[in-house]
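Please look over the sequence and the structure shown here before reading on.

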Amino acid sequence: MALLTLRDITLAFGGPPLFDGITLQIEPGDRLCLLGRNGTGKSTLLKLLAGQLPSEGGEIIRQQGLKVALVSQEIPQDITGTVFEVVARHPPLQADSDQWQHDQQVERVLNRLHLDGEAPFATLSGGTKRRVLLAQALVSNPDILLLDEPTNHLDIDTILWLEEFLARTITTCLFVTHDRAFARRLANRVAEVDRGKLFAFSCNYDQFVERREALLSAEVTRMALFDKKLAQEEAWIRQGIKARRTRNEGRVRALKALREEYRSRRSRQGTARMQLQEAERSGRLVVEAEEVSFGYADRPVIRTLSTTIMRGDKIGIIGPNGSGKSTLLKLLLGELQPQSGSVRQGTRLEVLYMDQLREQLDPDKSVAENVGEGNDTLVIGGRSRHIIGYLQDFLFSPERARSPVSILSGGERNRLLLAKLFTRPANLLVLDEPTNDLDAETLELLEDLLVEYGGTLLVVSHDREFLNNVVGSTLAINPDGTVKETEGGYDDWLREHQVEEAGPVAPAKPTAERGKPQKERARRLSFKEERELEMLPDRIAELEAEQEAIHTTLADPDFYKTAGPEVVTFTARLEVLEAELLTAYSRWEELERLR
C-alpha cells in the first residue's frame, strides 16, 4: 500500500501552471530522486508532500499516522541555541515520561550523526549545520524523509558519509539533487518535473538518462508530425470558395481542436548557449609555487606547497570544508602573500574569478543591470549584442532579465554569474564551486565548454563526476595543510589515496606455480592518459605527413639544383621524425595495452 499518493495536483502562482495534473505514488522502500530544470517546482513539490503548502486542485492521500520530515535547501538564519536544543525542539509534550523518551531519542540521533550536543549552532560550518537539521528531521522517526539538494556546500567526505548513512539507515526518502554520483549511488526510482507534468521511472539513474533521451526524441518526432498536419489543414481551410462550399464540418472542428492544442502546448525549456571569450594567450608559465606556507594565528592552512601550472592546464582543487581551498586560490593568484616560500605568476594573465559566495552580484539591481553594468549592449565574440538577447542565451526571459537578483533561485544566480563573467575575455579561469544548484543540462554544457577551453583552469568543486570529466590533475589539501598533486580527476586521486592508506604490500608467499607469470591487474587510464590516447593518432598522422613530404622533396632532382644547406637540414629532420614516430607508436601501444 502506498504511503502517500498525489492525484491530479494543480498549482500555479499567477503564471503558467507549475503543476498541471501531476500524479505520484510513494511506496515503502522507495528512494526517489526528483530531477528537473531550475524553476520547475521541485522544492515546491517537496513542500506539498510535507504539508507545508496547499494545492489548488487534486487530492493528496496520506496513510493514517504518516510522518513526513523535510530538510530544506536553505539553512534558516534565525536558529539559535546549542545543537541539542535545535535537534530537540518539538511541540509541548504531555508527560515527563514523554520528555525523557524524547531526550533519549535526541541523544541516540546525535551519536549516530557524530554531533556534539553542547556546540553552539551558530558557530558550526555550513556542512555541520545541514547535519544538525538532518538530525532534527530524524528525531521524529519519519516514514518519509524529504531532502532538498542535500549535497550543496558539503565537502566530498561529508557527501560520502551522507550517501552511506542514507543507504544504511533510511528506508524511504525522496531527494532533489543535481549531483549525478549521489543520485547514481542511492536512487532506485527517478522522477522528473517538466512543463507542469511529472514523469516517474522505476529504474536507476543511468537507465533513466537513456529512457528520457528516447522519450525526448520521440516527442520531437511527434511534434514535427503534428505541425505538418496543422499546416496542411490550415492550407485546406484557406482554399477558395469551392472548397468552402464542400468542406467537411467535422474536419473544421478537428482543425479548431488542433489550433487549441497548439496554443496550449508548452515547449521544453531550451538549453543555455554559453560561450567563453578567450583573451590573448598567456605566457607558457602561468603560476609557479615553491615551498609555500600560509596560516592564520597558530593554525597552519597551507604547508610547503610546490607546484607548477602551465598554460592550458586544468587543475581541480579538493579538500574538506575549511581546509583552505579558497586560501590556496588566493595564494596562487597573488591576492595573499605566503608567509614562507615564493609564488611567481606568468606573463599576460587575464583572470576571471567566480567566487563561492556569489558576492559579485548586486541583489538590489536587476539581472540586466548586473551583467550590462549600465549598458544596453555588450561586445561578445567581436560583435555587438543587446543585453536582453545575450541573457536569453542563459535562459533568462525578457521579464526575468528585468527582475531584481534578490528573487532569483540559487541555480539562476549561478547562471547569472556565469553570464556576467563570460562577457569578458580571459586566459585564466578560476571557478570556486561553479556547479552548485545548476541543473543537469546546464552542468553538462559547462563541462563541455571547459573541456574545449584553450586557456588555463583552476576549479574548486565537490562534484566528483564534474572533476572526473573536466580536470587533468588534482590538488588535494590534507588535514595537516600539505597538498598532494595527482594526475587525473577525483577517481584517480581516490585510487592513489587508497593505495597510500593501505601501506606497502607484503611480499607474496611462494606457490606451486611460482614460475608462472602473474597476470597484471588492469587499471583505468587517467584523464590525461585518455586525452593523450585520443590525440596520438592525429599526432602520428602529422609526423608521417611531414616525413612523406620531406621524402618527396628529397626525391625530386630539381630540388638539388638550388638546394644548399637545406639538404642537411631535411636529412637531420628525417632522423628526428623517425625517432618521434617510434616513440609515439610505442606510447600508443602502451596506453592501448593498459586500457
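## What buried means

A residue is called buried when its relative accessible area is under 20%, and exposed when that value is over 50%. The model discussed here is a predicted one.

## The chain as a whole

The chain has 595 residues, of which 45% count as buried, and its secondary structure includes 20 helices and 20 strands.

Where contacts join residues at least 6 apart in sequence, 68% of them link residues that are at least 24 apart.

## Helix α14

Helix α14 covers residues 410-421, and its 12 residues reach 17 Å from the first C-alpha to the last, close to the 16 Å expected at 1.5 Å a residue. Its buried residues are G411, E412, N414, R415, L416, L417, L418, A419, K420 and L421. Because 10 of its 12 residues are buried, α14 is largely enclosed by the rest of the structure.

The cover over these buried residues of α14 includes the strand β14 (351-354), together with the helices α11 (367-372), α12 (387-392), α13 (398-401) and α15 (440-452).

## Residue G57

G57 lies in strand β4, which is made up of residues 57-62. Its relative accessibility is 16%, so G57 counts as buried.

Beyond its neighbours within four places in sequence, G57 is in contact with D8, I9 and T10. Although G57 and I9 are 48 residues apart in sequence, their C-alpha atoms are 5.5 Å apart in space.

Conventions. Residues numbered from 1 in each chain as written. Predicted model: local features only at pLDDT ≥ 70, side-chain atom pairs only at ≥ 80, totals over all residues. Heavy atoms only, no water. Helix = DSSP H or I, 4+ residues; strand = E, 2+ residues; numbered from the N terminus. Expected span 1.5 Å × (residues − 1). Buried < 20%, exposed > 50% of the residue type's maximum accessible area, 1.4 Å probe, protein only. Contact = heavy atoms within 4.5 Å.
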